Amino acid sequence: MTGLQWVSLVLTLLALCSHSSARKCWRNIDCSGPTDSAFHGSWEKNIYAPSSRIIRPKEVLLPPDFSTTADYAELETHILRGNGSMVVFDFGLEVGGIVSLNYTATDSGVLGLAFTEAKNWIGEWSDSSNGAFEGPDGAVYATFTEPGSSSYVMSDEELRGGFRYLSIFLMTNDATEVLVEDVGLELSFQPTWSNLRAYQGYFHSNDELLNRIWYSGAYTLQTNAVPVHTGRQSPFLTSGWANNGTLGPGDTININGAKRDRVVSPGDMGIAIPSTFVSTGDLESIKNALQVMYNTQVFLR
């Protein structure tokens, strides 16, 4: 092989590697969304979407009454001591996806994870999302049987569609201490986008409140663009929750609510379609939702 051929081979391999890494989005879905915003400007500071799909809390709400806060990044560890001890993590805005933990325990026990969108539901029970309207959803649990370092990742079906506050509490019969060393969240919305801030539309005025309202609406649309195999389970569960239903074709689809509804709804599309068109520009999710409605429509004679 000549020197020129070697150079050509290396460049080809590098291009393939770059292409492969650039096209990985949610759970190895090939990215089909835009990689950059269409209109750069000062208005981009109003975008709520984070720059990374893997995010961490912004603040920690401290016991005993959780009225005081600390910066998450400034606290090296978050300590739980004994049965019933709890710490609350605040992500700062509505998020959704799969939570992972790294922690070290001095003995056996169980860590509970509960989720809520508002402070008044902070505690050992999550707010209601399963659609049965029969009470709180409860929590998910990570069991550890011996001292040492451990990690925990929520199962895919336990994906939490929407929350802001994550409560982690300890259940144990022993004098166990747990050091929670890292809390991470893999965002599930906009699954075909490698850059969650790549808006294809923008809005800007001299009214900062109006600007924030517009971009909060755009971010809400993003949270409602979800992987197609993360729909709410039906029939509804009477306890807990499960988001493992198939919603339709493709890799991403528009639904009518990130936390609870998680279904394709014709009633929402009249607002969702034009709003998405002028903001994020994610017409792939819209197309797949429309396809579901076309495929399942009932013809009246």
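These questions and answers go through terms used for a predicted model of a protein chain.

The model is predicted, so local features need pLDDT of at least 70 and side-chain atom pairs count only at pLDDT 80 or more, while totals for chains, interfaces and linings use all residues. Residues are numbered from 1 along each chain as its sequence is written, and side-chain values use heavy atoms, with hydrogens and water left out.

Me: What makes up the secondary structure of the protein chain?
Reply: There are 4 helices and 12 strands. Helices (H or I, at least four residues) and strands (E, at least two) are DSSP runs, numbered from the N terminus.

Me: Why is A70 called buried?
Reply: Buried means under 20% relative accessible area, exposed over 50%, and partly exposed in between (1.4 Å probe, protein chains only). A70 has 18% relative accessibility, so A70 counts as buried. The residue lies in strand β3 (residues 68-71). In the protein chain, 47% of the 301 residues are buried.

Me: Which residues does A70 contact, leaving aside its neighbours within four places in sequence?
Reply: Contact means heavy atoms within 4.5 Å. By that rule A70 is in contact with K58, E59, V60, L62 and L75. As for S37, it is 33 residues from A70 in sequence and 33 Å away in space, C-alpha to C-alpha.

Me: What is meant by the bend in α3, and where is it?
Reply: The bend at a residue is the angle between axes fitted to the seven residues ending there and the seven starting there. In α3 this angle is about 35° at A272, and a proline, P274, follows within four residues.

Me: Which residues of α3 are buried, and what covers them?
Reply: M269, A272 and T276 are buried. Their cover includes α2 (208-223), β12 (252-254) and α4 (283-295). An α-helix has 3.6 residues a turn, so residues three or four places apart point the same way.

Me: What covers the buried residues of α2?
Reply: The cover includes β5 (86-105), β11 (225-227) and α3. Among the buried residues of α2 are N211, Y215 and Y219.
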